[in-house]
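Here are some notes for a colleague who is opening this entry for the first time. Please read them with the sequence and the structure side by side.

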Amino acid sequence: MCLSAAFNSLKSSNLISWKKTGTLQQTLARCIELTGQTLHSGKVSTVKIWPGFACEGRYFEFQSKLIPASIDFAQESPLCTTLCKDGYRIRTVEHLLSALEAKGVDNCRIQIQSLDSEDPEVEVPIFDGSASAWVEAIEQVGRKEALDRCGNNAEKLAPYLNEPLYVSRNDSFMVAFPSPKVRITCGIDFPKVPAIGCQWFSSAALDDSYEKQIACSRTFCIYEEVEHMRSAGLIKGGSLDNAIICSASKGWLNPPLHFHDEPCRHKVLDIIGDLSLFARSGSQGFPMAHVLSFKGGHSLHTDFVRRLSGII
């Protein structure tokens with residue numbers, strides 16, 4: 001896709017205006033390859049992230065199928081974000097996409113495979129439950145200016161929110177307000193788990209604070225819910241090495257935490273990854289807005305992006 005075709009695909013609406021950021025689209029300087037165990041299936045998978053062409057955005061390659069990292073292919077699934085196309089599914093994409101969005105890798109081809117070459121489903125490795133492994137790998141190889149297939153560079157655009165947007169599910173909600181800068185304010189509430197309780201965290205999120213304040217925050221779970229989740233076919237690869245686990249009666253089972261509010265910060269990590277699904281043609285996915293979320297999860301986040309996209 002050349003520059004003119006890409007820009008034509010970014011049409012402003014009453015809700016969103018696409019504006020120039022003053023920066024050029026980026027990609028990786030070299031390939032990244034990481035292998036690790038997955039959280040829900042417990043299988044091992046390998047991810048290779050290749051430099052991409054400008055204006056083509058981020059997309060997965062699995063079993064010779066190309067699946068864009070777009071809300072158009074997001075499928076509702078428990079405890080993770082899943083992309084699906086033509087019967088092929090890629091689970092738990094949120095931590096990887098969070099790192100790519102926050103670190104400004106606008107275009108790349110994400111090749112993923114598991115040991116079972118016939119399985120139509122694959123999952124991104126969980127590592128320690130945070131986005132640190134991806135951030136470190138991106139930092140190690142570096143970024144470079146992305147060129148399109150015509151040999152041209154492309155200016156990066158960002159979606160500016162024109163009016164407030166609100167979505168909710170039961171007692172959870174996400175609201176966004178127009179803002180010249182990105183900001184995320186997130187709240188969680190676990191009244192039956194005193195060690196977590198009610199937490200709030202607010203951050204500029206996509207600036208230099210991401211790596212030190214958000215990326216290293218690990219996924220968490222409630223100990224009393226573990227057996228129920230495993231009986232539902234989830235967290236088969238979960239362990240004390242890839243999540244922080246909290247008991248309602250005994251508190252944290254594998255301290256120390258990286259931050260006293262690490263669970264809330266991890267939710268911000270997830271929000272960045274899920275909202276990156278709004279990205280198109282190498283643009284920024286996260287809207288220029290102050291996004292406030294309370295008791296949110298992946299389903300609420302993707303509902304929000306669908307509203308941004310005009311799908312719902």
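This is a predicted model: local features need pLDDT of at least 70, side-chain atom pairs count only at pLDDT 80 or more; totals for chains, interfaces and linings use all residues.

In which strand is the place of T27?

1. T27 belongs to strand β2, which covers residues 26-28. With a relative accessibility of 1%, T27 counts as buried, because the cut-off for that class is under 20%.

2. The side chain of T27 comes to 2.7 Å from the backbone nitrogen of G52. Leaving aside residues up to four places away in sequence, T27 touches P51, G52, V105, N107, C108, G142, R143, K144, E145 and A146.

3. Elsewhere in the chain, an open sheet is formed by three strands, ordered β18-β19-β20, with mixed pairing. Strands β18 and β20 are at the edges and have a single partner strand each, so one side of each has no neighbour in the sheet.

4. Strand β19 spans residues 244-247 and pairs with β20 in the antiparallel sense, over two bridges. Strand β20 itself runs over 251-252. The bridge partner of C246 in β20 is W252.

5. Y223 sits in the loop that links β18 (220-222) to α5 (226-231). Is Y223 buried or partly exposed? Its relative accessibility is 47%, so Y223 counts as partly exposed.

6. Y223 also takes part in a nonpolar patch on the surface, together with L240 and L253. The accessible area of Y223, L240 and L253 together is about 300 Å².

Note on methods
Residues are numbered from 1 along each chain as its sequence is written. Side-chain values use heavy atoms; hydrogens and water are left out. Patches are made of residues with over 30% relative accessible area and no salt bridge: like charges are joined within 9 Å, nonpolar side chains (Val, Leu, Ile, Met, Phe, Trp, Tyr) within 5 Å. Accessible areas come from the Shrake-Rupley method with a 1.4 Å probe; for residues, only the protein chains shown count as cover. A salt bridge is a side-chain nitrogen of Lys or Arg within 4 Å of a carboxyl oxygen of Asp or Glu. Helices (H or I, at least four residues) and strands (E, at least two) are DSSP runs, numbered from the N terminus. Buried means under 20% relative accessible area, exposed over 50%, partly exposed in between (1.4 Å probe, protein chains only). Two strands pair if DSSP finds at least two bridges between them. A polar contact is a pair of N or O atoms within 3.5 Å; within protein, one must be able to donate a hydrogen and the other to accept it, and residues adjacent in sequence count only if both atoms are side-chain atoms. Contact means heavy atoms within 4.5 Å.
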